[in-house]
Amino acid sequence: MAHWFHRSTLKATTNHKFEVKLSSPTDATKKLFSDLRLSRNRLLDVIRNANNTSDTIEPAFTAYLSLLYGLIWEIPTEDQSQHVGRSNPSKLRNIFVFKWTHTLLGSTTHSSADSVYEAANMSINVGLWFMKHAAMIAAKDDITMNEAKDVHTMLRRAAGIFTFVQTEFLPQLANPPPLGSDLDPRIINAYINQCTAEAQEVTVARAVELKHNPSLISALANETSKLFLDAANTLRPFKPDISSQWIKYLELKAAFYQSYAYNYCGENLLAMDKCGEAIKALQESEACLTRAKALCQEYTKTHGPAPRVKPDQHTVFKRLAPIVKLTLDKCNRENGLIYHHGIPGEVPTLDTKATFGLVSPLDFQMPTCNSIWNSMGTYKHLIGTRTAKAEREQDLPPVKEENIHQSKKDPKNESGCTVQ
């Protein structure tokens, strides 16, 4: 299990009435717009609470996207092939203006008369909910193995949703997303890498608990470190005052797992009777851990939307230091009594690819079109509806999210890992 997560706040949006002026509205069009409004409100309400289950969130998300379908893609009419579907944009894409805030752009909305923009932003919010839900599960006092697997799955699902936004929605946007917005490809890449790395933290901890081969643990930890660092590097072009807290989190996680990787690399080298190289690896592990602790202090002092925490006080940090020291002391003792190896000047090379345990996003699929779009020619009836006009932007208060329980108890497992 991973130990603690930096979590972005949910994106804010305005209420949407889904109202258009029609000379002869039908019962089907009235129901469509009513259902759109109600399902949107329902989804925004349930994702405020990370304590809800995915069985609550997923039907709400599916229901809303299936209703948005006809505002995104063309609905085949009776005289058209049923294969038209997602091959053509909807003629109704621009009839509503949607307003959203963005994680790194503050409380001011950014609007677009584009239903793809709405679908993409709502999907990002649902992805953030899956990340928060994973943290909620892992913050329990005594987490079971099944719950640890759920944490792993939720993070992969979040990564899958972010990937879907990147591959399906971004290419279809009518206008390029604002730089630094949640739809900026660099931000989405950061979220994908972060979710993947955090899911791999679960795998690393599981490998430690089951006492897998040190070379495998080292390779997994190294891959995890690289994912965190890739996410941090993706965010560096943005202004430090808005991205520094997020970057510090990713950097300290990268340094921590680099320390993990060198510790188990050293253990593996010692088992191969390469004691001098093992000592050098463990010295590097100590240096990485020192760097991680310094980054923890910086993170604690950095202003940002995430809660103020002291990551170096978490059990997983406190447990790694004595493990590294114990292994290094053992290597020094063995070297003095048996091996008499010189300490090389260069740090041993870590395995660049783990053979097992690497994480990939879980595929997300767009739900099928809600049947109301096909009933009584609803789509055809709405064609010609006037395109929405641009609206003034506004400042929105943060989304009021429900609190989640945070365990005060130390984990009983060997790795000391929990997620917060």
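**Reading a predicted model**

Analyst: Ile383 lies in the segment after α10. The model is predicted, and every value that follows is computed from it. With a relative accessible area of 38%, Ile383 is partly exposed.

User: Which residues does Ile383 touch, not counting residues up to four places away in sequence?

Analyst: Leaving those neighbours aside, Ile383 touches Lys91 and Leu92. A related reading compares sequence with space: Ile383 and Ser90 are 293 residues apart along the chain, and their C-alpha atoms are separated by 9.2 Å.

User: What share of the contacts in the protein chain with a separation of 6 or more comes from residues 24 or more positions apart?

Analyst: Such residues account for 77% of those contacts. Of the 420 residues in the protein chain, 53% are buried.

User: How many helices and strands are there in the protein chain, and in which pattern along the sequence?

Analyst: The protein chain has 10 helices and two strands. Read along the sequence, the pattern is α-α-β-β-α-α-α-α-α-α-α-α. Along its principal axes, the C-alpha trace spans about 95 × 45 × 40 Å.

User: What is the mean pLDDT of the protein chain, and where is the pLDDT below 50?

Analyst: The mean pLDDT of the protein chain is 90, and 92% of its residues reach 70 or more. Over residues 413-420 the pLDDT is below 50, and this stretch has 43 contacts in the model beyond near neighbours in sequence.

User: How should I read the packing of two helices?

Analyst: Two packed helices are described by the angle between their axes and by the distance between those axes. In this model, α5 and α7 pack at an angle of about 35°, and their axes are 12 Å apart. The crossing of α5 and α7 is left-handed.

User: Which residues make the contact of α5 with α7?

Analyst: From α5 the contact includes Ile187, Ala190, Tyr191 and Gln194, among others. From α7 the residues include Trp246, Tyr249, Leu250 and Tyr257. By class, this contact has 11 nonpolar, one polar and three charged residues.

User: How many aromatic pairs are there, and how is the geometry of a pair read?

Analyst: The count comes to 19 aromatic pairs. Each is read from the distance between ring centres and the angle between ring planes. The ring centres of Tyr191 and Trp246 are 4.8 Å apart and the planes stand at 40°, so this pair is tilted. Tyr191 lies in helix α5 (residues 185-209) and Trp246 in helix α7 (residues 240-271), so the pair ties together parts that are 55 residues apart in sequence. Tyr191 and Trp246 are buried.

User: Which aromatic pair is stacked, as a contrasting example?

Analyst: Phe228 and Tyr257 form a stacked pair, with 6.3 Å from centre to centre and 20° between the planes. This pair links distant parts of the chain, with Phe228 in helix α6 (residues 214-235) and Tyr257 in helix α7, 29 residues apart. Phe228 and Tyr257 are both buried. Ring pairs also link Phe228 and Tyr257 into a cluster with Tyr249, Phe256, Tyr260, Tyr264 and Tyr299.

User: Is Ala231 buried or exposed, and which residues does Ala231 touch?

Analyst: Ala231, in helix α6, is buried, with a relative accessible area of 0%. Not counting residues up to four places away in sequence, Ala231 touches Ala190, Asn193, Gln194 and Leu250. For a comparison of sequence and space, Ala231 and Asn41 are 190 residues apart in sequence and 32 Å apart from C-alpha to C-alpha.

User: Which residue other than glycine has a positive phi near 50°, and which has one near 55°?

Analyst: Phi is near 50° in Phe18 and near 55° in His340. Phe18 is placed in the segment before α1 (27-46), whereas His340 is in the loop between α9 (315-339) and α10 (378-382). Accessibility separates the two: Phe18 is buried, with a relative accessible area of 2%, whereas His340 is exposed, with a relative accessible area of 58%.

Key. Residues numbered from 1 in each chain as written. Predicted model: local features only at pLDDT ≥ 70, side-chain atom pairs only at ≥ 80, totals over all residues. Heavy atoms only, no water. Phe/Tyr/Trp six-rings, centres within 6.5 Å; stacked < 30°, edge-to-face > 60°. Helix = DSSP H or I, 4+ residues; strand = E, 2+ residues; numbered from the N terminus. Buried < 20%, exposed > 50% of the residue type's maximum accessible area, 1.4 Å probe, protein only. Axes fitted to C-alpha atoms, helices over the stretch in contact; angles between N-to-C directions. Left-handed = near helix turned anticlockwise from the far one by under 90°. Contact = heavy atoms within 4.5 Å. Nonpolar A, V, L, I, M, F, W, Y, C, P; charged D, E, K, R; others polar. pLDDT = per-residue confidence, 0-100.
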